[in-house]
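Good morning, and thank you for coming. Please turn to the sequence and the structure on the screen, and we shall go through them together.

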Amino acid sequence: MKIKKYKFQKHGDERGMLVALEEFKEIPFHVKRIYYIYDTLPGVRRGFHAHKKLKQILICVKGSCKLHLDDGHETKEVVLNKQYEGILLENNIWREMYDFSPDAVLMVLASEMYDEKDYIRDYNDFLKFVASEEKNV
Ligand code: T46
């Protein structure tokens, strides 16, 4: 599965902690967009889509949440619960986000501007897209 977990360097002292992220250093792409998800309601599940091209790094900068990831061949459940950890999701990965703690803030660094045409929102279309991409390799 085209995912990678990161443990970012923590700069800590008696005042507290700081994590710095720089393009092409900690973040392996040009960051064109940042968004964050917060105030999620109990039991909520979001996502339910894949991206044709977009790469993203997800960091739960407060609280915790879980990710259900699926590349059309295997699935993985990932817990995000540390401010200094992130996960890179390459394109073609079906994602669902769930089990948000009430205080969760999920920050996402994205390689592209928002483009609804990049979304695959139907699971069967996702499987067809994965199969067609693999044929073209
Ligand atoms: C993803 C997961 C992790 C915008 O206007 N601009 C944006 O950059 C984004 C991301 C969303 N929106 C609007 C579109 C919808 O009206 O915000 C609304 C909620 O977006 P969506 O339903 O796509 O949110 P999630 O939580 O299902 O998915 C989001 C990202 O869209 C997606 O790329 O990978 O978070």
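Let us begin at the ligand, where an oxygen atom lies 3.5 Å from a polar side-chain atom of R121. Please keep in mind throughout that this is a predicted model.

Two further arginines deserve attention. A polar side-chain atom of R95 is 2.7 Å from an oxygen atom of the ligand. For R46, an N or O atom of the side chain is likewise found 2.7 Å from a ligand oxygen atom.

How much of the ligand does the protein cover? On its own, the ligand has 650 Å² of accessible area, and the protein covers 67% of that.

Which elements of the fold give two or more residues to the shell around the ligand? They are β4, β5, which spans residues 46-51, and β10, which spans 94-98. Of the elements, β5 gives the most, namely four residues.

The shell itself consists of 13 residues, and those that come nearest to the ligand are R33, R46, H51, Q56 and Y119.

As a reminder, strands of a sheet pair through backbone hydrogen bonds, either parallel or antiparallel. Here five strands form an open sheet with antiparallel pairing, and their order is β8-β7-β10-β5-β12. At the edges stand β8, residues 75-80, and β12, residues 119-120, each of which pairs on one side only.

Let us follow the pairings across this sheet. Strand β7, residues 65-70, pairs with β10 in the antiparallel sense over five bridges. Within that pairing, L69 has R95 of β10 as its bridge partner. On the β5 side, three bridges join β5 to β10, again antiparallel, and R95 is also the bridge partner of H49.

Next, β5 and β12 pair in the antiparallel sense over two bridges. Which residue of β12 stands opposite H51? It is Y119, and both H51 and Y119 are among the residues that come nearest to the ligand.

Finally, let us look at the surface. I34, Y36 and Y38 form a nonpolar patch there, with about 380 Å² of accessible area together. Y38 belongs to strand β4, residues 33-38, and β4 is one of the elements that give two or more residues to the ligand shell.

Thank you for your attention.

Note on methods
Residues numbered from 1 in each chain as written. Predicted model: local features only at pLDDT ≥ 70, side-chain atom pairs only at ≥ 80, totals over all residues. Heavy atoms only, no water. Patch = residues over 30% accessible without salt bridge, like charges linked within 9 Å, V, L, I, M, F, W, Y side chains within 5 Å. Areas by Shrake-Rupley, 256 points an atom, 1.4 Å probe, with all protein chains shown as cover. Salt bridge = Lys/Arg side-chain N within 4 Å of Asp/Glu carboxyl O. Near = heavy atom within 4 Å. Polar contact = N/O pair within 3.5 Å; in protein donor to acceptor, adjacent residues only side chain to side chain. Pairing = 2+ DSSP bridges.
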